[in-house]
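The following exercises concern the structure shown below.

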2 protein chains.
Amino acid sequence: MQLLTIFNPFPPTPNEMTNATDQKLDTLRADPDEQIIVDRIYSAVMEQKLAPRTKLSEQTLCETFGVGRMRVRRALLLLSSQGIVELRSNRGAFIACPSPDEAREVFEARLMIETGIVRELTREISTAGVDALRSHIKEEDDARARNDQTEIIRLSGEFHVELAKCHNNSVLTRVVRELVTRSSLIVALFGTNKDSSCPDDEHASIIDAIVSGDPQSAEDNIQHHLLHVKNSLDLKQSQNVEPDLAKILTGRM
Amino acid sequence: MQLLTIFNPFPPTPNEMTNATDQKLDTLRADPDEQIIVDRIYSAVMEQKLAPRTKLSEQTLCETFGVGRMRVRRALLLLSSQGIVELRSNRGAFIACPSPDEAREVFEARLMIETGIVRELTREISTAGVDALRSHIKEEDDARARNDQTEIIRLSGEFHVELAKCHNNSVLTRVVRELVTRSSLIVALFGTNKDSSCPDDEHASIIDAIVSGDPQSAEDNIQHHLLHVKNSLDLKQSQNVEPDLAKILTGRM
DNA sequence: AATTTCTGCATTGTTAACAATCTATGTCAA
DNA sequence: TTGACATAGATTGTTAACAATGCAGAAATT
């Protein structure tokens, strides 16, 4: 109650209205209420508005979304099955706090899957797909011009989901969205420098490589991009996580 | 009650005891009861003991597994989020009945992801991984020698999960397991000839290609293997699904 | 006889009360 | 003052009763 009424981290996201058809593909046959909760938390994590280890109390979520406890618990269960939320017995739900090993797994999986995604796209990509990607790049540029940090972060991650969407394959899209969201948590935990999440125009060169039809170049670009992010992490030590800070201040360092 | 007591499709699977450590990787932080239900249904689908559209009534599952309704509903929700089970409002839970389009998506995703998996394995694979794969092949051969149809089907699918496991990456393993299980449903629905699920020794040649370190050969082998299965499907028409048969017999053809 | 409507039963969905566990505050003793 | 301990409050986990919906069989009408 206290946290969320002061600073509500679950605003309606821009794309929640725009492409409603995509939502169906995501999770098949889920009550709308439930889906909204899942989507909002997903978005909030992607935008780094919800930090790892943040407590998600049932009462807070019930009041925030105006639904019963059952819906909230179902949503939390779904989120936990995707590694976004961690359910601790008798303790409650928390935004997941990926271990260094999980971080490795997520980035290895992304490297493999997204390499395949761009490689296939060099073979064939619809004009609609190219248009969507280019317009996405434009949005990113605009956000950077406005210095809109939230949007920059959101769009930067969403770009990779947008790439997956070009395949018209809900399975791939869902997997990539999960991995991108978990990456957001990983960057929040282990990121060192500011630009670790969004190297400026690497996205544009990925598209260029795709439309030029050169598989090798496209692979190199996406791999370079992902490794760039991965290498900016310091998996040895997690930084800037408030709960730890509090513990440091009160206890031993 | 009636169906499951007469013919219980949820036997304890062989690997349920053997490698208990892998289960943890699968779904993080789930109550054991819940996990057992999910795993059993997963296995039953993989072994084609549960056909698409089979009703999974809550009462039946409660009695079968000796747990409360809550656990059952949570398990069903998890299964539905992975496309194994379909929840219809006020109707209950059913083993999923993938559409032709879903079938396409699953096989496209498998083609992409498993290609990446074997390609990376040609670069590097642990001796433990090779041993596990070879011993798996031996199990398959044994099952074929015994003409143990259930085991043949189960091991045939599990082989692909075994390949994924060689990466020591729970994300990849989970995704592949989901896709393999859904493939089992797809084959049950659209499979034409008997051997559509398990071409005899293609698995062995995949391993050979991997250990020989030739990426191209390994890619060709896995792609050939998957396309072989995919091409044996008739996505136009679903066969041998009892509920339809019943409808045909009572109504118009 | 066939089709439609109605009624009773079974199953699922929802809510609320209860039980169990954890957290935090306050008390007491060293 | 510091530590352990106990108690009160809050939060989560579970169960059971209730409501709502769907399904099947019977009755009635054409």
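**Exercise 1. State into which domains chain A of this predicted model is divided, and describe the side of domain 1 that touches domain 2.**

*Solution.* 
1. Chain A consists of domain 1, spanning 2–95, and domain 2, spanning 100–231.
2. Across the boundary between them, 13 residues of domain 1 of chain A are in contact with 14 residues of domain 2 of chain A.
3. On the domain 1 side, α3 (20–26) and α4 (32–46) of chain A each contribute at least two residues. The largest share, three residues, is supplied by α4(A).
4. Sorted by class, this side of domain 1 of chain A holds eight nonpolar, three polar and two charged residues.

**Exercise 2. Determine which rotation superposes chain A on chain B, and identify the C-alpha of chain A nearest the axis.**

*Solution.* 
1. Chain A is superposed on chain B by a rotation of 180° with 0.0 Å of shift along the axis, and the RMSD is 0.0 Å.
2. The two copies are therefore related as by a two-fold rotation axis.
3. Within chain A, A:Ile113 has the C-alpha nearest the axis, at 3.0 Å from it.

**Exercise 3. Characterise the contact between chain A and chain B, and explain why the copies meet through the same surface.**

*Solution.* 
1. Residues count as in contact when their C-beta atoms, placed from the backbone, lie within 7 Å. In these terms, 25 residues of chain A are in contact with 25 residues of chain B.
2. Four elements of chain A, namely α6 (69–81), β2 (85–88), α7 (100–123) and α10 (170–190), each supply at least two residues of the side that touches chain B.
3. Of these, α7(A) gives the largest share, with nine residues.
4. The side of chain A that touches chain B comprises 11 nonpolar, eight polar and six charged residues.
5. Because 100% of the interface residues of chain A are also interface residues in chain B, the copies meet through the same surface.

**Exercise 4. List the residues that surround DNA strand C and those that surround DNA strand D, and classify each surface.**

*Solution.* 
1. Around DNA strand C, chain A provides A:Gly68, A:Met70, A:Asn90 and A:Arg91, while chain B provides B:Ser57, B:Glu58, B:Gln59, B:Leu87, B:Ser89, B:Asn90 and B:Gly92.
2. The surface near DNA strand C has two nonpolar, seven polar and two charged residues.
3. Around DNA strand D, chain A provides A:Ser57, A:Glu58, A:Gln59, A:Leu87, A:Ser89, A:Asn90 and A:Gly92, while chain B provides B:Gly68, B:Met70, B:Asn90 and B:Arg91.
4. The surface near DNA strand D likewise divides into two nonpolar, seven polar and two charged residues.

Technical notes:
Residues numbered from 1 in each chain as written. Chains lettered and ligands numbered in written order. Predicted model: local features only at pLDDT ≥ 70, side-chain atom pairs only at ≥ 80, totals over all residues. Least-squares fit on C-alpha atoms with pLDDT ≥ 70 in both. Contact = placed C-beta atoms within 7 Å. Nonpolar A, V, L, I, M, F, W, Y, C, P; charged D, E, K, R; others polar. Domains from an automatic or database assignment. Near = placed C-beta within 6 Å.
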